[in-house]
Amino acid sequence: CGSLSSLQKKRRALSTSYTATTTGPVTLEVFSFRSGVEADLIKNHFDNMRVDPQTFEFSASPLDISVWSGTAVNYSVDAGSSYAGKGYIIFMSATGTWPGLDLGLAQLHLNWDVVTDTTLSMVISNAFPFSNFHGTLNGQGKASPAMTINAGMLPPLSIGTGLFFDCLVYDPAAGNAIIHTTNPLTFPLIP
């Protein structure tokens with residue numbers, strides 16, 4: 001089992017357009033973070049990798065979150081029909097996208113922090129405020145996740161900061177092999 005600190009030592013900066021997909025056997029290990037939350041989609045051992053020329057679309061609307069009045073955010077994941085039936089998961093961070101988390105040759109464009117760790121179990125189970133943040137891409141390789149931040153859910157001191165999101169696409173039929181990470185999304189927290 002590794003720790004978050006050992007993974008942070010491996011991080012490296014990559015552009016947000018970098019993508020990777022596996023071309024050989026892949027195994028995943030479950031490992032524990034400091035809080036004890038286990039994630040089986042992060043640590044990857046890649047036998048073969050190649051840069052994926054296809055651009056996956058990860059977008060959302062609106063692009064800011066109101067701390068005082070709350071905001072419902074609708075996301076769109078579009079990996080293309082060749083990725084129909086693949087799994088996806090959206091991660092959230094409060095500390096930005098750089099340097100991110102190195103997953104071998106793939107890069108999760110988020111800094112893993114207490115927010116990521118705290119929300120992981122809610123994301124995996126699609127518990128409030130996350131809807132369809134973890135699931136299977138439809139027949140067209142698309143998904144429509146959503147997040148609802150109610151008024152007063154975020155502390156007033158968070159105004160002027162931001163929340164950051166990145167989507168990871170994986171293949172459940174290949175031992176949850178990571179196929180791709182998308183572009184990150186940044187949401188300023190406004191009054």
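Modeller: Let me start with a term: a salt bridge here is a side-chain nitrogen of Lys or Arg within 4 Å of a carboxyl oxygen of Asp or Glu. Please keep in mind throughout that this is a predicted model.

Colleague: Fine. How many salt bridges does that rule give?

Modeller: The count comes to two. In one of them D171 pairs with K86, and the closest N and O atoms are 3.4 Å apart. That pair joins distant parts of the chain, since D171 belongs to strand β17 while K86 sits in the loop between β9 and β10, 85 residues apart.

Colleague: Is D171 buried or exposed?

Modeller: D171 counts as buried, because its relative accessibility is 15% and the cut-off for buried is under 20%.

Colleague: And which residues does K142 pair with?

Modeller: K142 meets D78 in a salt bridge, side chain to side chain, with 4.0 Å from N to O. This pair also links distant parts of the chain, with D78 in strand β9 and K142 in strand β15 (residues 142–143), 64 residues apart.

Colleague: Why does D78 count as partly exposed?

Modeller: D78 has 22% relative accessibility, so it counts as partly exposed, and K142, at 35%, falls into that class as well.

Colleague: Changing topic: which residues touch the most other members of the largest nonpolar core?

Modeller: Those are I65, Y75, M147 and F165, in a core of 42 residues. The elements that give two or more residues to this core are β7 (57–61), β9 (70–78), β10 (87–93), α2 (114–124), β16, β17, β18 (177–181) and β19 (185–190). The largest share, seven residues, comes from β17.

Colleague: What does I65 touch, leaving out residues up to four places away in sequence?

Modeller: I65 has a list of partners that includes T71, V73, M147, I149, L154 and L163, and also F187, P188, L189 and I190.

Colleague: What about T119, buried or exposed?

Modeller: T119, which lies in helix α2, is buried, because its relative accessible area is 8%. A polar atom of the T119 side chain lies 2.8 Å from the backbone oxygen of V115. Beyond residues up to four places away in sequence, T119 touches M92 and F130.

Colleague: Stepping back, how many helices and strands are there in the protein chain?

Modeller: The protein chain has two helices and 19 strands, and buried residues make up 49% of its 191 residues. Among contacts with a separation of 6 or more, 69% are between residues 24 or more positions apart. The chain exposes about 8,500 Å², and carbon and sulfur atoms supply 56% of that area.

Colleague: Last one: what is the mean pLDDT?

Modeller: The mean pLDDT of the protein chain is 77, and 71% of its residues reach 70 or more. Over residues 1–53, however, the pLDDT is below 50, although this stretch has 124 contacts in the model beyond near neighbours in sequence.

Technical notes:
Residues numbered from 1 in each chain as written. Predicted model: local features only at pLDDT ≥ 70, side-chain atom pairs only at ≥ 80, totals over all residues. Heavy atoms only, no water. Core = buried A, V, L, I, M, F, W, Y, C linked by side-chain atoms within 4.5 Å. Buried < 20%, exposed > 50% of the residue type's maximum accessible area, 1.4 Å probe, protein only. Helix = DSSP H or I, 4+ residues; strand = E, 2+ residues; numbered from the N terminus. Contact = heavy atoms within 4.5 Å. Areas by Shrake-Rupley, 256 points an atom, 1.4 Å probe, with all protein chains shown as cover. Polar contact = N/O pair within 3.5 Å; in protein donor to acceptor, adjacent residues only side chain to side chain. pLDDT = per-residue confidence, 0-100.
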